[in-house]
Amino acid sequence: MYGIRSEEPDAGGRPNPLDRRFAALRGCERILSGVRPQSIRERLAALAGPLPDGSAAVDGLDGRPDQYGDGVVRALELRVAGLLGTEDAAFFPTGTMAQQVALRIHAEAAGLRAVATHPLAHTDRHERQALGALTGLRSLWPTTEPRQPTAAELRALGEPYAALSLELPLRDAGFVLPGWEPLRALAAVVREEHGAALHLDGARIWESAVALGRPLPEVAALADSVYVSFYKTLGGISGAALAGPAGFVRTARAWRHRYGGQLFQQWPFALAALAGLECELPLLARYVAHARTVAGALARAFAAVPGARVHPAPPHTHQFQLWLPYPAGELEEAALGLAEERGIGLFGAWRERELPGLAMTEVTVASAALDWTGAEVEAAAAAFLDRLPDPARRA
């Protein structure tokens with residue numbers, strides 16, 4: 001029998017940080033940010049098991065597995081196209097591949113090698129310069145500010161571009177969205193004034209539509225192509241989809257094959273995505289609304305800490321940033337200690353960004369947080385703060 005090993009402990013015999021966080025959060029009675037992590041066995045059981053109300057999350061489990069994108073994978077593609085109101089959709093193993101393919105198609109159609117992006121967007125910050133390395137594209141930045149671009153900035157770009165890739169929300173800026181009218185204005189400049197394509201990096205379009213107060217098809221209709229993720233908000237295992245007109249999706253499938261994304265079987269990813277669409281989409285409005293309660297409580301709890309900040313305030317979606325003036329290691333230890341000793345899982349990973357000694361965590365308000373009151377959030381945050389040294393006493 002083959003065993004599945006976790007990462008080895010470090011030289012001091014301490015467990016791998018990921019393993020420690022996994023064990024700590026699984027033992028928590030209450031979790032504020034994110035969800036309680038599942039074991040491999042639990043994930044497998046969830047794919048085949050019923051929903052809490054006894055109904056089946058996914059039909060057809062007794063059928064044959066997919067082969068090269070048919071069966072349950074095709075059912076997922078049609079479900080996504082129906083939700084977005086597009087002609088078709090294609091499953092991709094990763095969002096990075098989907099975005100590269102989308103922008104490549106738009107660039108080749110326009111005969112241009114430039115695409116408008118943002119320096120904080122996933123395409124520019126988290127894909128190892130794949131736009132240039134794989135496709136020979138270069139990025140133009142309408143703005144370098146940590147926010148969405150404006151129509152005026154796009155008009156001032158000064159050179160033609162094949163497509164604007166717009167990340168909704170812009171995660172590394174704090175999960176920030178444009179307003180609905182500014183978004184419509186951007187789409188009009190791109191498509192009507194500049195004759196370019198609008199691509200939505202909609203990894204989190206599900207909650208973006210809720211926050212914008214518009215149905216998914218109305219948001220997707222602004223664009224020529226839309227990428228969606230199945231694991232970021234929906235809790236899937238992995239995978240993404242690229243949606244748009246039938247001809248665009250047909251070309252995307254050809255490039256998916258060339259990029260190595262035509263996998264033999266992908267049914268676990270498709271099943272988990274379908275379950276997420278069934279279970280999580282109906283709850284997103286509650287998540288987005290409750291995020292304001294949680295963010296306000298955290299802002300009050302850390303109000304006396306110099307440099308502490310909740311951003312944006314109020315949150316645009318069900319996710320936001322919390323900044324505290326401590327090294328990431330101290331914050332990680334305080335959070336894990338609170339989880340291990342008191343069964344309270346407040347935060348996920350912390351990381352230092354621009355300034356040493358100033359760290360940030362991303363707070364995700366999901367199902368586990370819905371029963372937290374503002375007062376309970378403040379009390380738990382105070383217990384967390386008690387585990388940290390007073391920043392005013394630092395040398």
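**Close-up 1. The largest cavity of the predicted model.** The space in this cavity comes to about 100 Å³. Its lining is made up of 17 residues. His122, Glu167, Asp201, Arg204 and Lys232 lie nearest the centre. Helix α4, residues 95-110, supplies the largest share of the lining, with 3 residues. By class, the lining of the largest cavity holds 7 charged, 5 polar and 5 nonpolar residues.

**Close-up 2. The second largest cavity, with a volume of about 50 Å³.** Arg21 and Leu25 are among the residues that line this cavity. Glu332, Ala335, Leu336 and Ala339 also belong to the lining. So do Gly345, Leu346, Phe347 and Gly348. Two or more residues each come from α1 (17-26) and α14 (328-342). The largest share, 4 residues, is from α14. The lining of the second largest cavity divides into 6 nonpolar, 2 polar and 2 charged residues. In total, the model has 3 cavities of 30 Å³ or more.

**Close-up 3. The second largest pocket, holding about 260 Å³ of space.** This pocket is lined by 14 residues. Closest to its centre are Pro146, His311, Gln321, Trp323 and Glu354. Strands β9 (309-311) and β10 (319-324) are the elements that give two or more residues to the lining. The lining of the second largest pocket comprises 5 charged, 4 polar and 5 nonpolar residues.

Conventions: Residues are numbered from 1 along each chain as its sequence is written. This is a predicted model: local features need pLDDT of at least 70, side-chain atom pairs count only at pLDDT 80 or more; totals for chains, interfaces and linings use all residues. Side-chain values use heavy atoms; hydrogens and water are left out. On a 1 Å grid over the protein atoms alone, a cavity is a set of points where a 1.4 Å probe fits but cannot get out, and a pocket is an open set with protein on both sides within 12 Å along at least five of seven lines; lining residues have an atom within 4 Å of a point. Grid points are joined across faces, edges and corners, and a volume is the space filled by probe spheres set on the points. Ala, Val, Leu, Ile, Met, Phe, Trp, Tyr, Cys and Pro count as nonpolar, Asp, Glu, Lys and Arg as charged, and the others, Gly among them, as polar.
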